[in-house]
Number of protein chains: 4
Amino acid sequence: MQLGMIGLGRMGGNIVRRLMADGHECVVYDVSAEAVDTLAKEGATGIHDIADFVSKLQAPRAVWLMIPAGITGKVVDQVAAVLEPGDIIIDGGNSNYRDDVRRAAKLTESGIHYVDVGTSGGVFGLERGYCLMVGGPDEAFTRIEPLLRTIAPGPGEIPRTPGRTGDLTPEERGYLHCGPSGAGHFVKMVHNGIEYGIMASLAEGLNILENADAGVREAEHSAEVAPLEEPEFYQFTIDTPAVSELWRRGSVISSWLLDLTAAALAQNPTLDGLAGRVSDSGEGRWTVKAAVDVGVPVPVLAASLFERFASRGEDHYANQLLSAMRLQFGGHQELPSGDVLEAGGRKAESQP
Amino acid sequence: MQLGMIGLGRMGGNIVRRLMADGHECVVYDVSAEAVDTLAKEGATGIHDIADFVSKLQAPRAVWLMIPAGITGKVVDQVAAVLEPGDIIIDGGNSNYRDDVRRAAKLTESGIHYVDVGTSGGVFGLERGYCLMVGGPDEAFTRIEPLLRTIAPGPGEIPRTPGRTGDLTPEERGYLHCGPSGAGHFVKMVHNGIEYGIMASLAEGLNILENADAGVREAEHSAEVAPLEEPEFYQFTIDTPAVSELWRRGSVISSWLLDLTAAALAQNPTLDGLAGRVSDSGEGRWTVKAAVDVGVPVPVLAASLFERFASRGEDHYANQLLSAMRLQFGGHQELPSGDVLEAGGRKAESQP
Amino acid sequence: MQLGMIGLGRMGGNIVRRLMADGHECVVYDVSAEAVDTLAKEGATGIHDIADFVSKLQAPRAVWLMIPAGITGKVVDQVAAVLEPGDIIIDGGNSNYRDDVRRAAKLTESGIHYVDVGTSGGVFGLERGYCLMVGGPDEAFTRIEPLLRTIAPGPGEIPRTPGRTGDLTPEERGYLHCGPSGAGHFVKMVHNGIEYGIMASLAEGLNILENADAGVREAEHSAEVAPLEEPEFYQFTIDTPAVSELWRRGSVISSWLLDLTAAALAQNPTLDGLAGRVSDSGEGRWTVKAAVDVGVPVPVLAASLFERFASRGEDHYANQLLSAMRLQFGGHQELPSGDVLEAGGRKAESQP
Amino acid sequence: MQLGMIGLGRMGGNIVRRLMADGHECVVYDVSAEAVDTLAKEGATGIHDIADFVSKLQAPRAVWLMIPAGITGKVVDQVAAVLEPGDIIIDGGNSNYRDDVRRAAKLTESGIHYVDVGTSGGVFGLERGYCLMVGGPDEAFTRIEPLLRTIAPGPGEIPRTPGRTGDLTPEERGYLHCGPSGAGHFVKMVHNGIEYGIMASLAEGLNILENADAGVREAEHSAEVAPLEEPEFYQFTIDTPAVSELWRRGSVISSWLLDLTAAALAQNPTLDGLAGRVSDSGEGRWTVKAAVDVGVPVPVLAASLFERFASRGEDHYANQLLSAMRLQFGGHQELPSGDVLEAGGRKAESQP
């Protein structure tokens with residue numbers, strides 16, 4: 001069937017390619033004429049004005065937006081202005097599901113359907129297909145289902161889940177109608193929240209392995225921290241790149257994120273050039289806020305988010321305060337006389 | 001080559017089967033004569049006295065223990081008593097790596113090698129192979145490497161990690177010599193710590209989805225908790241079994257633990273009969289304690305452990321104390337007069 | 001000076017008493033005529049219609065609302081409808097500071113000042129005074145400062161902070177102009193977030209003490225959890241009521257919340273009748289959401305909030321999922337044959 | 001009564017002063033002759049050889065050690081070598097309670113009593129008295145109780161806890177016999193664990209206030225992190241030194257640690273010169289490990305410990321790994337063509 005695509009960055013472009021390879025017809029637009037021309041050469045109908053979607057697509061139309069969340073609102077308005085009742089606007093980007101709820105309510109007044117699609121897959125999506133979490137009215141979902149089935153990975157070589165029988169369900173093909181407008185991005189939001197937790201689990205664990213030689217390094221130990229109590233048990237120099245590769249085979253924690261970790265460590269075993277200032281996008285934050293709203297405890301997901309904040313130094317003022325309080329315990333920083341036998345091993349302060 | 005196996009439970013028995021299928025020769029022992037006989041029928045040499053390992057195996061011997069951690073120390077002593085210098089004892093159970101360090105030091109005096117093997121794989125190991133994390137002296141590792149290679153999954157159909165070239169390394173075959181005695185169980189311990197974190201990430205995320213209908217249920221809302229502020233954004237009834245299946249295909253969080261989650265929800269969509277009292281074995285605890293020892297922050301792994309404690313009611317006294325403090329704020333539980341306009345919406349107490 | 005007070009629950013009533021005792025004149029209203037009459041007998045001017053504030057107070061007027069957050073918006077509208085430009089509405093309840101920002105912007109159009117006052121003090125406020133965190137325009141703050149000074153605790157017997165000299169500042173008298181409208185409740189919100197963290201710190205610590213006899217109870221230990229490894233170090237039966245009292249004197253953690261804990265345990269040493277389902281009001285949630293918004297890591301404050309959620313069973317579905325995943329590891333719940341020597345000490349499952 | 005004191009650092013010296021002021025007789029020793037001479041001038045009997053305790057103290061003797069935990073074992077041995085059956089050794093330092101349990105068992109063989117005293121009070125102890133948590137045999141506790149009563153703060157001006165009547169108990173005087181040997185340091189350990197949690201609660205909360213102007217600073221916002229969604233709600237420039245002072249009066253979170261915070265901010269409002277690398281001593285770590293051992297969930301206490309680790313960069317490797325995984329999502333760091341309309345607002349990567 002026909003689809004209009006707005007936004008031909010890596011993901012938008014690859015979705016178009018996947019659709020065309022399966023026989024669908026794509027009309028494509030991007031602010032970059034070059035991006036449009038590239039896809040046009042590959043078989044798409046390129047347009048340079050959003051208004052042209054009306055003439056190039058047959059009603060009822062479906063237009064997919066694959067653009068930054070920050071400009072989605074504006075572009076939805078532009079597209080809605082040229083579409084007609086019965087047409088469908090699909091937001092495949094990383095919108096906050098709350099915006100979906102608001103936009104759907106507004107578009108309903110003009111008879112246009114709004115479908116939100118949380119899309120996961122990264123750079124491997126062209127080949128593997130994209131996992132699609134869909135929200136919107138039943139009618140609109142049903143109409144675009146042929147497109148979704150193509151974009152999704154399909155059952156692939158992944159073994160069927162024990163206990164499932166009969167015809168393959170949509171979720172076994174990699175797409176799912178999760179509920180009304182907003183439900184798709186809601187599920188995608190939580191998906192990313194989980195992603196943060198899994199990433200942090202792997203990173204924390206490997207950090208322990210990296211420091212399993214603490215007993216060897218104990219000699220250079222600073223007085224700043226508590227001494228390692230049983231250095232004889234921390235004498236291991238672990239090859240973390242090898243371990244991350246090992247765990248890919250047969251272990252309980254084998255996962256795509258572990259695959260990425262192994263790849264990262266294979267390509268850069270000492271992680272040179274990485275400052276360790278970890279970015280976060282909105283979904284991890286929205287996940288924690290949604291959990292707080294509905295009263296669901298998410299200590300793990302929240303901790304993984306806060307670790308990222310701290311990695312960028314956002315804990316600095318708090319840490320300064322902690323040091324300042326500690327200074328107050330001891331009154332003065334100067335070493336007291338008789339410090340060789342000062343209590344508690346903390347020479348610059350008294351015992352709290 | 002030859003291997004003696006002590007402990008023919010599910011894992012010990014299946015490791016023997018995997019070894020025999022690849023042409024190795026196994027001498028097997030268990031306290032259950034029935035378990036010995038079963039394996040003997042499948043081709044193993046069954047013995048009913050640990051002392052017989054000496055006559056049935058050619059020196060230098062290798063004996064693998066696949067038994068509960070609680071009795072490993074005693075059985076190691078029994079086996080060591082009948083072995084000779086140059087022989088190898090392999091502990092494939094879930095021992096604390098600290099016990100490995102102590103046992104290896106002790107056995108070294110009598111010339112017996114001690115190898116610890118952290119083994120992951122669960123019930124699927126017979127077919128998939130077991131991921132093996134090995135600690136011990138180089139010489140002993142090299143000698144038993146043919147066995148390890150058979151027990152491990154091998155490269156299988158898992159795509160090679162980008163950036164890796166040349167001959168396959170041991171870790172690409174699913175086993176790794178991680179370091180001296182104790183290193184194997186140390187790596188396995190951290191592996192399980194990570195497992196707790198990943199499991200918790202999935203469980204917390206799905207719990208948010210399960211409660212995405214909080215706005216629908218708001219009417220029955222109790223006065224006990226803060227009211228849901230924007231119920232219009234929590235109107236989704238999410239099919240969590242379907243979502244867990246969906247994420248198996250093409251999503252960033254696809255993983256073996258997600259496969260298990262999808263299987264559990266396919267077989268028991270409403271989780272009937274599960275009280276939600278989550279057990280923990282030693283490794284998760286040891287992981288947190290090791291992290292504390294070496295000064296590595298593990299907020300995510302620790303939170304996942306503490307959630308399990310709390311699931312069993314171990315937070316009860318703390319929670320009673322919190323309620324008791326809250327009562328003190330308000331002096332009395334009785335509603336004050338004028339309560340309709342009492343401040344802050346908390347009628348049983350004043351504002352803290 | 002004159003003040004109108006709406007809401008004569010415990011806090012509103014006591015604030016009126018504190019004001020009258022210092023010579024201020026109060027006009028009081030409540031939906032409960034009885035509450036109005038009680039205060040009238042103590043010297044206040046009682047009214048039974050909000051509209052009477054106009055005639056009973058001289059312009060420019062100041063009306064303080066001490067009512068549940070849930071109805072504040074409605075009452076603000078009622079009061080604003082009868083006030084005049086230049087008058088001041090003060091919200092002393094537990095409103096979300098976001099509502100303050102919105103209300104202030106709206107009232108500004110009609111020339112009415114809006115002041116938000118975060119009020120802390122609990123049942124002891126009548127005697128001790130209330131800590132006041134104030135947001136609003138400079139002019140309005142200055143005008144009501146005489147009232148604030150009376151309601152606040154004053155310097156009292158609390159020793160002056162080392163490093164402070166000269167005249168007492170407002171904050172040393174227990175009230176502070178924190179910034180424009182919303183700033184007062186923002187500071188109060190964070191104050192309550194901190195309160196959650198301190199309460200949880202005390203509760204968790206005392207829970208450890210309560211379980212310091214785990215080694216004694218080890219005999220009754222269930223197979224469900226990891227065995228206690230060194231029971232000889234957990235042989236203490238600690239008298240937690242006595243310890244909480246002890247810490248009130250000379251220790252670093254002496255605090256008002258510890259005083260409350262000691263009082264609770266003195267009155268009910270075994271915490272009889274407390275189910276341990278801990279409520280939370282909005283501020284703890286708003287604090288975490290604000291921290292997430294501005295990117296500040298608050299693992300401690302968030303954990304203290306999530307503990308409360310979990311205490312009410314909001315973690316149930318997550319815990320069921322964890323148990324369900326663990327079941328999948330082992331395939332079947334039945335004990336395997338040879339289970340006496342089953343690996344890892346976990347008989348109902350294989351090793352993950 | 002008589003007491004021998006070893007270790008005349010700030011705490012040991014001040015305890016001696018407090019004892020002498022109340023009429024007790026002190027024999028003092030330190031490796032620093034100067035420290036001994038200083039106390040001797042103030043009325044103590046100075047000795048320069050530990051062996052002299054035998055002649056200078058009448059049997060049964062009591063010798064208090066106020067020395068660094070690292071050398072306590074050695075000094076206990078030295079002292080025990082010269083004492084006689086029936087004498088008492090008191091460890092007032094910051095020992096791990098496990099060492100107490102071991103030392104007490106060993107000393108029992110030679111008839112010497114061992115008493116462990118967890119001591120809290122910091123630099124203010126000379127004046128305020130020290131909070132004393134005591135472990136050891138009943139007989140020894142009873143014998144030294146007169147000393148403990150003098151060292152402790154006594155009831156002071158702290159209001160009696162509601163619900164307590166009759167004679168003052170020891171805990172109301174600031175000392176408590178918590179149980180057998182080790183119980184004193186166990187309670188002190190947990191006390192310090194709680195201290196970490198309270199400190200972190202204050203620091204995290206004030207960090208939110210410090211960043212309440214995030215909406216003002218939004219213009220300089222980096223693309224690295226999620227944009228602030230509602231900058232209009234984060235327009236406050238909060239005076240954190242003033243707020244910390246304010247909360248000392250009448251608020252629920254008033255506490256000695258808040259007093260210290262206010263003092264620190266009064267003396268150094270911008271926290272100049274503090275790098276925010278927060279030290280930790282052993283007790284916080286031991287607390288978490290003890291909680292893990294006995295299965296008590298302590299997410300708040302653990303998070304406060306891990307924040308300190310992270311403040312010193314111990315999270316670096318984990319953070320590098322997270323950044324490395326994120327890079328893998330996107331394949332390449334270069335911006336894709338068509339990036340203006342790239343999905344999700346994250347130009348350097350695809351959508352996970």
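Tutor: Contact first: heavy atoms within 4.5 Å. 100% of the interface residues of chain A are also interface residues in chain B, so the copies meet through the same surface.

Student: Before we go on, what kind of model is this, and how is everything numbered?
Tutor: This is a predicted model: local features need pLDDT of at least 70, side-chain atom pairs count only at pLDDT 80 or more, and totals for chains, interfaces and linings use all residues. Residues are numbered from 1 along each chain as its sequence is written, chains are lettered from A and ligands numbered from 1 in the order in which they are written, and side-chain values use heavy atoms, with hydrogens and water left out.

Student: OK. How many residues of chain A are in contact with chain B?
Tutor: 94 residues of chain A touch 95 residues of chain B. About 7,800 Å² is buried between the two chains, with 70% of that on carbon and sulfur atoms. Buried area here is the accessible area (1.4 Å probe) that two parts lose on being put together, summed over both.

Student: Which residues of chain A lose the most area to chain B?
Tutor: A:Ile208, A:Arg249 and A:Val252. Together they account for 10% of what that side buries.

Student: And what rotation superposes chain A on chain B?
Tutor: 180 degrees, with 0.0 Å of shift along the axis and an RMSD of 0.0 Å. That is the relation of a two-fold axis. The superposition is by least squares on the C-alpha atoms of residues with pLDDT of at least 70 in both copies.

Student: Which residue of chain A comes closest to that axis?
Tutor: A:Ser255, with its C-alpha at 1.9 Å.

Student: Switching to domains. What does the assignment give for chain A?
Tutor: Domain 1 covers 2-156 + 170-180, and domain 2 covers 189-238 + 275-330. The bounds come from an automatic or database domain assignment. Their centres, taken over C-alpha atoms, are 38 Å apart. The contact takes 7 residues from domain 1 of chain A and 5 residues from domain 2 of chain A.

Student: How much area is buried between those two domains?
Tutor: About 470 Å², 55% of it from carbon and sulfur atoms. On the domain 1 side, A:Asn94, A:Asn96 and A:Tyr97 lose the most area, together 59% of what that side buries.

Student: Now aromatics. How many aromatic pairs over all chains?
Tutor: 32. Rings of Phe, Tyr and Trp (its six-membered ring) pair if their centres lie within 6.5 Å; planes under 30 degrees apart count as stacked, over 60 as edge-to-face and the rest as tilted.

Student: Why is the pair of A:Phe186 and B:Tyr234 edge-to-face?
Tutor: The centres are 6.3 Å apart and the planes are at 85 degrees, so the pair is edge-to-face. It crosses between chains: A:Phe186 is in helix 9 (residues 183-210) of chain A, and B:Tyr234 is in the loop between helix 10 (214-217) and helix 11 (240-246) of chain B. Helices (H or I, at least four residues) and strands (E, at least two) are DSSP runs, numbered from the N terminus.

Student: Are those two buried or exposed?
Tutor: Both A:Phe186 and B:Tyr234 are buried. Buried means under 20% relative accessible area, exposed over 50%, partly exposed in between (1.4 Å probe, protein chains only).

Student: And what about C:Phe236 and D:Tyr97?
Tutor: Edge-to-face, at 5.9 Å centre to centre and 70 degrees between the planes. C:Phe236 lies in the loop between helix 10 (214-217) and helix 11 (240-246) of chain C and D:Tyr97 in helix 5 (residues 97-108) of chain D, so this pair joins two chains. C:Phe236 and D:Tyr97 are buried.

Student: Which rings link into a cluster?
Tutor: A:Tyr97, A:Phe186, B:Phe233, B:Tyr234 and B:Phe236.

Student: What lies over the face of C:Trp256?
Tutor: C:Arg128, at 4.4 Å from the ring centre. In chain D, D:Arg128 lies over D:Trp256 at 4.4 Å. The rule wants NZ of Lys or CZ of Arg within 6 Å of the ring centre and within 35 degrees of the ring normal.

Student: Last one, backbone. Where is the cis peptide bond in chain B?
Tutor: From B:Ala59 to B:Pro60, with omega near -5 degrees. B:Pro60 sits in the loop between helix 3 (53-56) and strand 4 (62-65) of chain B. In chain C, the bond from C:Ala59 to C:Pro60 is cis, with omega near -10 degrees.
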